[in-house]
Amino acid sequence: MDVEPPSCPTIMASAEGDGGVVSRRTLKRRPRTLYAQLVGVAATPAARLQALVEAGMSLTSELSLDAVLGRLIQTAAELTGAKYAALGVIDASHTKLERFVTHGVEESTHAMIGSLPTGRGILGLLINDARPIRLHDLTEDPHSVGFPAHHPEMRSFLGVPVMLRGTNYGNLYLSEKEDGSDFSEEDQELVTLLAGQAAIAIENARLYEASTRWSRRLETLNEVGNALATETDIALLLDLIVRRLRELLSAKLVTLSLPHGADEIRIAAAAGEGSEGLIGNVHLLDETKSGRVFQRRRSERVDSLVDDPEVTVEGTRRLGLHAGIWVPMIAHDRTIGIISAADKLTAVDHRFSDDDLRLAETFASRAATAVDISERVARDILRRVVDAQETERRRLARELHDETGQALTSILLGLKSLEETVATSPEAELAVAGLRELVVATLQDVRRLAVELRPKALDDFGLVAALERLTDTYSGQTGITVDFEAALPDDRFPPEIETTLYRMVQEALTNVVKHARARRVSILLTQRPNSVAAVIEDDGTGFDPTEPGDGFGLTAMRERVNMVGGTLTIETGQGTGTTIVVEVPIR
Amino acid sequence: MIVAVIWSEVPGSALAGRLELTDGDATLWGRERSGDERTASFSCHDLIDVRIERFGPSRLGGRPTLILEHRSGRLFGISPIDSVGVLGELAERFSLQSKLLPA
């Protein structure tokens, strides 16, 4: 006798009607199903066991999670002769169902029922207590929360947890045996065995999916890494980093901040919603999450920004952000920047996963190397340009001083002799005197020009002597009082350091005349354990350091100091004067 | 363009300060040794002469000086501080903006 299997297996609705993630699968009817085979051979225990083993092997060979789940519920229904079967996959929190795959209910019926369950009632019972449940009539069970409208009638019930090594991956639900009987203990044992094999298959499929997903991300990462490696323009590179990371993470907003002086960071690049107007913003390290992560040098994931006391509430609310990750960019054990990403657009709760954090860390590591190389290239180019400029200035100054100056001095001496010779002619004497005056003025200009190009004292006598001369001249020209104090040893510093400090002081003094309206300037040179510092302080009007733009030439000063691995720190405010600290390491 | 300068309105005492040159307008700010501050502004279009005095009494601080003659008769002397080559550049800019030289 051949018993017809359930007709057109399709979709099953559950014993409750709350919301849930829908996963549908319409299975094609096979010519002769497992159930038909089993019934056809009188369903002996040996035959059912054989069918179970084959089903298990079939399951474990499947790598797609959706295919595994679909095949599992179909096999369970066929093994037990159940009209309806379902599988609820438990989410990572182990409190509710993240996926609900069904078998046995028409799609049209399913559509009328509406959303699928998330795990309350009888279904929730199995989540909380992972032990098989067998019921004659599930509607009579006190845990039942009833059926939603249009749900097929279901009474007999078998629920079995899908467990592996103590972890519950989900639950198998079967209802309504074709022959009208209740589910037997043998059904329970068979489905339990099937569930054990299914758990392995589910885990394999999940691992396979995870590795495939990670592999895809690594491929993308490699592509990005290659792109980063070929970009040496720092501005373009930073922009590329934030845009590509945003794509990789599906983030709403990604920013990249770089150190700005010793105590601040500056947003150097941003991509995504709300990124307009962020670039150039400067914050103290202690006042932002980015600054603190920069100092701690450890990446962090924050699932709820409003609950993190380090996150700026105002910015978070204004941009409508919920969750984020922060990853330091470290190259050669030096933190060179910080990347932050906010709100995963593909996640309902906006949260990033551990995989996202790992990806961002890997990406940040590559980006840090690229930025480090790019900065080194930029510094190297700048150093070469500045070196060439100083060399050229030194040559020109020497030429002016030694050649042109000497020639003019010789002319002066010649004119003096000529003056004595033509003393009898008042007109000639007047003409020679006029020429002498021109030559004297030209000689002064040539000598001044030579000093302005490159003071000979800097090369011959060192930084202190050169600055003493500079400050004397400056004070004489401008009327601004300069207090210069050098607390340095007699030993000379490397020419690169002396030149940098000299040019920094020179630029700072020019800025004082141009912008500060100061009456007094003090300059202090000091040696610290591993560095030498120049502190230039004026009593002028000061300025707002958060104002955009760079009318004070501070960017160029900072670049020049960075070139020798030093730092430039500015303390100022409206009406408070300005203090500039230039610190250069002594190698 | 902002340049640190010594300037004076001739005849007058020298002031240390700055010259700001934007869109055809020039603004001079400076402080005398006495501490008094002064400002002067004019349009470059109103200049009738731009020249460099390399010798003689018009030199400011012992330096070659840019002399600007305004149509009102005011005369300004400007000498950049510690900026090699800026004097010539300023003379060129003023000349171009005052239309005293073809652009």
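In chain A, 65% of the contacts with a separation of 6 or more are between residues 24 or more positions apart. The corresponding share in chain B is 38%. Both values refer to a predicted model. Chain A contains 15 helices and 17 strands, and 38% of its 587 residues are buried. Chain B has 103 residues, of which 32% are buried. Its secondary structure consists of seven strands and one helix, arranged along the sequence in the pattern β-β-β-β-β-β-β-α.

The confidence of the prediction was examined for chain A. The average pLDDT of this chain is 82, and 89% of the residues score at least 70.

The contact between the two chains involves 17 residues from chain A and 15 residues from chain B. On the side of chain A that touches chain B, two or more residues each are given by helix H11 (426–453), helix H13 (463–478) and helix H14 (495–516) of chain A. H11(A) supplies eight residues, the largest share of this side. By class, the residues of chain A that touch chain B comprise six nonpolar, seven polar and four charged.

H14(A) has 22 residues and spans 30 Å from its first C-alpha to its last, close to the 32 Å expected at 1.5 Å a residue. Of its 22 residues, 18 are buried, and H14(A) is therefore described as mostly covered. H14(A) is followed by Arg517(A), which lies in the loop between H14 and strand S14 (520–528) of chain A. Arg517(A) is not a glycine, yet its phi is positive, at about 55°. Arg517(A) counts as partly exposed because it has 19 C-beta neighbours inside 10 Å, whereas a buried residue needs 20 or more.

Helix packing within chain A is illustrated by helix H6 (residues 185–230) and helix H7 (residues 234–249) of chain A. The axes of these two helices are 11 Å apart and meet at an angle of about 170°. H6(A) is therefore roughly antiparallel to H7(A), since angles over 145 degrees are placed in that class. On the side of H6(A), the contact is made by Arg217(A), Thr220(A), Val224(A), Ala227(A) and Leu228(A). The residues contributed by H7(A) are Leu237(A), Leu240(A), Ile241(A), Arg244(A) and Leu248(A). By class, this contact has seven nonpolar, one polar and two charged residues. In general, an α-helix has 3.6 residues a turn, so residues three or four places apart point the same way.

H7(A) itself has 16 residues and reaches 22 Å from its first C-alpha to its last, close to the expected 22 Å at 1.5 Å a residue. The buried residues in H7(A) are Leu237(A), Leu238(A), Leu240(A), Ile241(A), Val242(A), Arg244(A), Leu245(A), Arg246(A) and Leu249(A). These buried residues pack against several elements of chain A: H6, strand S7 (251–260), strand S8 (264–272), strand S12 (334–344) and helix H10 (354–421). After H7(A) comes Ser250(A), with a positive phi near 55°.

Two further backbone features were found in loops, one in each chain. In chain A, Arg297(A) is a residue other than glycine with a positive phi, near 60°. The position of Arg297(A) is in the loop between helix H8 (289–296) and strand S10 (300–302) of chain A. Arg297(A) counts as exposed because it has 12 C-beta neighbours inside 10 Å, and a residue with 12 or fewer is placed in that class. In chain B, the peptide bond that joins Val10(B) and Pro11(B) is cis, with an omega of about -5°. Pro11(B) is located in the loop between strand S1 (2–10) and strand S2 (15–22) of chain B.

How values were computed. Residues numbered from 1 in each chain as written. Chains lettered and ligands numbered in written order. Predicted model: local features only at pLDDT ≥ 70, side-chain atom pairs only at ≥ 80, totals over all residues. Contact = placed C-beta atoms within 7 Å. Helix = DSSP H or I, 4+ residues; strand = E, 2+ residues; numbered from the N terminus. Nonpolar A, V, L, I, M, F, W, Y, C, P; charged D, E, K, R; others polar. pLDDT = per-residue confidence, 0-100. Axes fitted to C-alpha atoms, helices over the stretch in contact; angles between N-to-C directions. Parallel < 35°, antiparallel > 145°, perpendicular 65-115°, else oblique. Expected span 1.5 Å × (residues − 1).
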